Amino acid sequence: MGVIMEVNYNEEDRYFSAKKKVESIKGFYGNLTAYIGVNIILLIINLWTSPEYLWFFWPLMWWGLGVIFHGLKVFDVIPFLGKEWEEKKIKELMEKEKRNNKEKWQ
């Protein structure tokens with residue numbers, strides 16, 4: 001009976017992990033869609049109001065850099081700040097909190 005519960009627990013963990021991953025991918029695509037849409041509008045405004053100075057490149061560049069890093073994190077291309085780093089950091093903070101509570105009550 002204990003083995004069956006453990007298997008179900010692991011299956012549930014995998015489900016929630018996959019769900020979280022899908023939500024982060026969905027968030028990235030939302031960010032990418034907003035980036036493309038807003039920058040098209042900025043391009044049109046720029047060309048309409050002051051075609052001699054192309055200022056739309058600045059938000060395109062900086063926001064684009066943010067979108068690139070967001071995509072790298074979501075699709076696990078960046079090894080640091082990924083899921084493994086998060087898990088390690090959570091365990092580290094939990095251990096630190098545990099030690100602080102023991103010291104506080106002794």
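D76 sits in the loop between α2 and α3, where helices are DSSP runs of H or I with at least four residues, strands are runs of E with at least two, and both are numbered from the N terminus. Although D76 is not a glycine, its phi is positive, at about 55 degrees. Most residues other than glycine have a negative phi.

The structure is a predicted model, in which local features need pLDDT of at least 70, side-chain atom pairs count only at pLDDT 80 or more, and totals for chains, interfaces and linings use all residues. Residues are numbered from 1 along each chain as its sequence is written, and side-chain values use heavy atoms, with hydrogens and water left out. The predictor's confidence in each residue, pLDDT, runs from 0 to 100; its mean over the protein chain is 85, with 84% of the residues at 70 or more. Where pLDDT is low, the predicted coordinates should not be read in detail.

Turning to the overall fold, the protein chain has three helices and zero strands, giving the pattern α-α-α along the sequence. Of the contacts (heavy atoms within 4.5 Å) with a separation of 6 or more, 60% are between residues 24 or more positions apart. Of the 106 residues, 12% count as buried, a class defined by a relative accessible area under 20%, with exposed over 50% and partly exposed in between (1.4 Å probe, protein chains only).

One of the buried residues is N46, with a relative accessible area of 0%. N46 belongs to helix α1 (residues 2-49) and, leaving aside residues up to four places away in sequence, touches P51, Y53, L54, W55 and F56.

The aromatic side chains complete the picture. Six aromatic pairs are found in the whole structure; rings of Phe, Tyr and Trp (its six-membered ring) pair if their centres lie within 6.5 Å, and planes under 30 degrees apart count as stacked, over 60 as edge-to-face and the rest as tilted. Y35 and W63 form an edge-to-face pair, 5.5 Å centre to centre with 85 degrees between the planes. Because Y35 lies in helix α1 and W63 in helix α2, this pair ties together parts that are 28 residues apart in sequence. Y35 counts as buried at 15% relative accessibility, whereas W63, at 29%, counts as partly exposed. Elsewhere, ring pairs join F28, Y29 and F75 into a cluster.
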